[in-house]
Amino acid sequence: MQLFFIILGMAIVTFIPRLLPVFIMNNLKLPAWGNKWLKAIPYAALGALIFPGILTVEANLPIVGLLGGLAAILLASLKLQIIYIVFGSIGTVMLLKFFMLQ
Amino acid sequence: MDTKNSYTVNNPLNISSSIVTKRAEFLKGIKKALPIVIGYFPIAVSFGVISAQTGIPLFYTVLMSFMVYAGASQFMAANMLGMGILGFEVVFATFILNFRHFIMSMSLMNKLQHLPMLQKVPLSFGITDETFALLSMEGNDDAKDITSFFIAGVMLSAYFSWGLGTLLGGLLSMVIPASIGASMSIGLYAMFIGLLIPSVKDNYRIGILAAISGILCYIFNIYLNSGWAIVMATLVGSFIGTFIVQGE
């Protein structure tokens with residue numbers, strides 16, 4: 001029962017930050033700079049989500065994640081669909097781990 | 001909802017055409033979410049295995065995935081619960097780690113102002129790092145083209161991949177190793193890169209903005225936990241970015 005309330009608490013504190021902006025951003029006319037800031041957020045978030053997290057793909061060998069990311073950049077430059085980028089990068093990491101971690 | 005689109009020209013039955021459109025949009029969302037589904041599943045299986053091995057009953061393990069639905073915080077919670085920490089600390093740590101979704105939701109909900117509030121309330125539950133990233137890169141020219149049904153397709157696919165993966169992991173925790181998700185975790189990073197690169201090709205300054213943000217995150221990671229590091233790097237990086245990226 002205690003476990004249930006911990007999970008419920010986790011659910012509530014996770015949902016509220018997701019939900020609040022629905023009301024904050026409803027028919028809100030932001031100044032131009034505010035709009036610009038919010039539009040830049042996805043790119044900044046992507047940068048922060050990719051690095052340094054990608055170094056932890058193989059905790060003992062950060063180069064594995066870096067090379068997997070490099071493979072993704074190359075595949076993305078070829079304008080491939082995201083799903084092929086994902087597979088190509090997973091394949092690269094699996095190969096690297098096979099050869100580098102005996 | 002502006003369901004009166006091109007369908008109505010050829011199809012005088014407005015009602016059925018709008019259903020067709022809704023279904024097509026929903027299916028489009030499911031298809032779009034495939035990289036997330038593939039990325040989430042093995043990680044969810046790992047979570048199911050680890051949580052079960054920690055001694056959390058299967059029911060609660062799966063319940064956590066369906067109710068909390070936030071990967072990193074669930075791993076952390078399983079870890080804390082395993083150490084015998086049964087209290088407010090777990091909830092507080094979850095809040096800290098997941099607060100980044102507030103920033104993401106602010107940006108996404110600003111973009112989705114054309115949708116009715118009643119639909120955005122349930123949709124907001126589905127915001128994760130990955131669904132946010134994917135939807136933010138969608139319809140950059142005209143955000144008004146994005147429908148609730150498309151978003152629901154993306155979010156429900158991701159949600160069930162996470163929930164069902166957890167169930168499978170919990171059920172098979174005796175048979176499969178917890179490391180199953182390890183090699184696959186590159187998949188979600190690859191998706192982030194795949195989402196970012198087309199914009200960088202359009203405007204190299206976006207690449208500079210993302211790089212600055214990544215470096216900031218690296219620095220903040222030394223002093224803060226990863227959730228706050230992402231929040232701070234996103235806020236500061238995007239603020240600096242507004243001066244770097246011109247136009248629009």
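The largest nonpolar core has 103 residues. By nonpolar core I mean a set of buried Ala, Val, Leu, Ile, Met, Phe, Trp, Tyr and Cys residues joined through C-beta atoms within 7 Å; buried means 20 or more other C-beta atoms within 10 Å of a residue's own, with C-beta atoms placed from the backbone. A:Leu46 and B:Phe192 have the most contacts inside this core. At least three of its residues come from each of domain 1 (11-195) and domain 2 (203-248) of chain B, with bounds from an automatic or database domain assignment.

This is a predicted model: local features need pLDDT of at least 70, side-chain atom pairs count only at pLDDT 80 or more, and totals for chains, interfaces and linings use all residues. Residues are numbered from 1 along each chain as its sequence is written, while chains are lettered from A and ligands numbered from 1 in the order in which they are written.

Back to B:Phe192. Leaving aside neighbours within four places in sequence, B:Phe192 is in contact (C-beta atoms, placed from the backbone, within 7 Å) with A:Leu46, A:Leu49, A:Ile50 and B:Ala133.

Now the two chains. Chain A puts 56 residues in contact with 72 residues of chain B. On the chain A side, α1(A) gives the most, with 17 residues; helices here are DSSP runs of H or I, at least four residues, numbered from the N terminus.

Last, the domains of chain B. Their C-alpha centres lie 23 Å apart, and six residues of domain 1 are in contact with seven of domain 2. On the domain 1 side, α6(B) gives the most, with three residues.

Technical notes
Buried ≥ 20, exposed ≤ 12 C-beta atoms within 10 Å, placed from the backbone. Contact = placed C-beta atoms within 7 Å. Helix = DSSP H or I, 4+ residues; strand = E, 2+ residues; numbered from the N terminus.
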